Amino acid sequence: MSYGAAVIVGALLGLGSALWIAGLWPEGRKLAFGDVDVGGWRSDFAVGSEAADPYTRARVARHGLLALAKTEAVYFTRALDDTGAPLREACTYRLSGGPMPAGWWSVTLYDAASMLPANTDNALSIDAEQAGAGTWEAIIAPERPGNGAAWISSREAGTFDLTLRLYMPEPALLAEPEQRLDPPRIARLSCEGRP
């Protein structure tokens, strides 16, 4: 391969990988994280630090989310239910968990473009204040459940993901995330009205 051809190929590979990781090509890749996986909830503890590589920085800049250093907050994302199927507006899920190793926490629903869904339900997350100190659960569905359960609205979300934010995480979580975090579970209850 000639020198000129090698430069062109290298430039195309660099440009393509930068656009892909930033979610601009080929069709708007979701905000996905890398090297920490706890029960399918993925995180990158380098976010918000000098250790973040250029791709991570581009991803954070592109989406405008998840920019705090790990001593302030860590973020875990998940786009699949407990069976491994993508999270979809057409389905109803039970999100459940227990105490989190952090000063405060929340779980927020984002659509495929990493934006809050365009609905007016005012029910796009659950947090430590709503959940209380013990075990908790919320229903994720396009319509409010009739039983008074905590609700996260997926109306107008299409396919979506969830972001678990742990603010002021305990040092032990940062050192041993797989041992210290009991991640929320996402049980699919029905799809399109069918069990």
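Author: The model is predicted. The protein chain has 5 helices and 10 strands. Of its 195 residues, 44% are buried.

How many disulfides does the structure hold? It holds 1. The partners are Cys91 and Cys191, with sulfur atoms 2.0 Å apart. In general, such a link is a covalent bond between the sulfur atoms of two cysteines. Where do the two ends sit? Cys91 lies in strand E4, residues 91–97, and Cys191 lies in strand E10, residues 185–191. The pair therefore ties together parts that are 100 residues apart in sequence. The torsion about the S-S bond is about 95°, so this disulfide is right-handed. Are its cysteines buried or exposed? Both Cys91 and Cys191 are buried.

Now look at the core. The largest nonpolar core has 32 residues. Phe76, Leu95, Trp105, Leu162 and Leu166 have the most contacts inside it. Take Leu95. Setting aside residues up to four places away in sequence, Leu95 touches a list of residues that includes Trp41, Val107, Ile126, Trp136 and Ile152. Leu162, another of the core residues with the most contacts, is also touched by Leu95. Among contacts between residues at least 6 apart in sequence, 71% join residues at least 24 apart.

Next come the charged pairs. In general, side chains of opposite charge can pair when their charged atoms come close. The count here is 8 salt bridges. One of them joins Asp121 and Arg155, at 2.9 Å from N to O. Asp121 is in the loop between E5 and E6, and Arg155 is in the loop between E8 and E9, so this pair ties together parts that are 34 residues apart in sequence. Asp121 counts as buried because its relative accessibility is 17%, under the 20% cut-off. Arg155, at 24%, counts as partly exposed.

Asn122 is in the loop between strand E5 (102–111) and strand E6 (125–127). It is exposed, with a relative accessible area of 78%. From C-alpha to C-alpha, Asn122 and Ser153 are 8.0 Å apart in space, though 31 residues apart in sequence. Glu156 is in the loop between strand E8 (151–153) and strand E9 (160–169). Its phi is near 70°, a positive value in a residue other than glycine. In general, most residues other than glycine have a negative phi. Glu156 is partly exposed, at 48%. Met168 has a positive phi as well, about 50°. This residue is in strand E9. Met168 is exposed, with a relative accessible area of 55%.

Asp37 and Arg42 meet at 3.1 Å, N to O. Asp37 is partly exposed at 35%, and Arg42 is partly exposed at 31%. Arg180 and Glu176 meet at 3.6 Å. Arg180 is partly exposed at 45%, and so is Glu176 at 35%.

Last, the surface. The protein chain exposes about 10200 Å², with 56% of it supplied by carbon and sulfur atoms. Met1, Val9 and Leu13 form a nonpolar patch there, with about 360 Å² of accessible area together. Met1 is in the segment before helix H1 (3–21). Its relative accessibility of 80% makes Met1 exposed.

Methods
Residues are numbered from 1 along each chain as its sequence is written. Side-chain values use heavy atoms; hydrogens and water are left out. Helices (H or I, at least four residues) and strands (E, at least two) are DSSP runs, numbered from the N terminus. Buried means under 20% relative accessible area, exposed over 50%, partly exposed in between (1.4 Å probe, protein chains only). A disulfide is a pair of cysteine sulfur atoms within 2.5 Å. Patches are made of residues with over 30% relative accessible area and no salt bridge: like charges are joined within 9 Å, nonpolar side chains (Val, Leu, Ile, Met, Phe, Trp, Tyr) within 5 Å. Accessible areas come from the Shrake-Rupley method with a 1.4 Å probe; for residues, only the protein chains shown count as cover. A salt bridge is a side-chain nitrogen of Lys or Arg within 4 Å of a carboxyl oxygen of Asp or Glu. A nonpolar core is a set of buried Ala, Val, Leu, Ile, Met, Phe, Trp, Tyr and Cys residues joined through side-chain atoms within 4.5 Å. Contact means heavy atoms within 4.5 Å.
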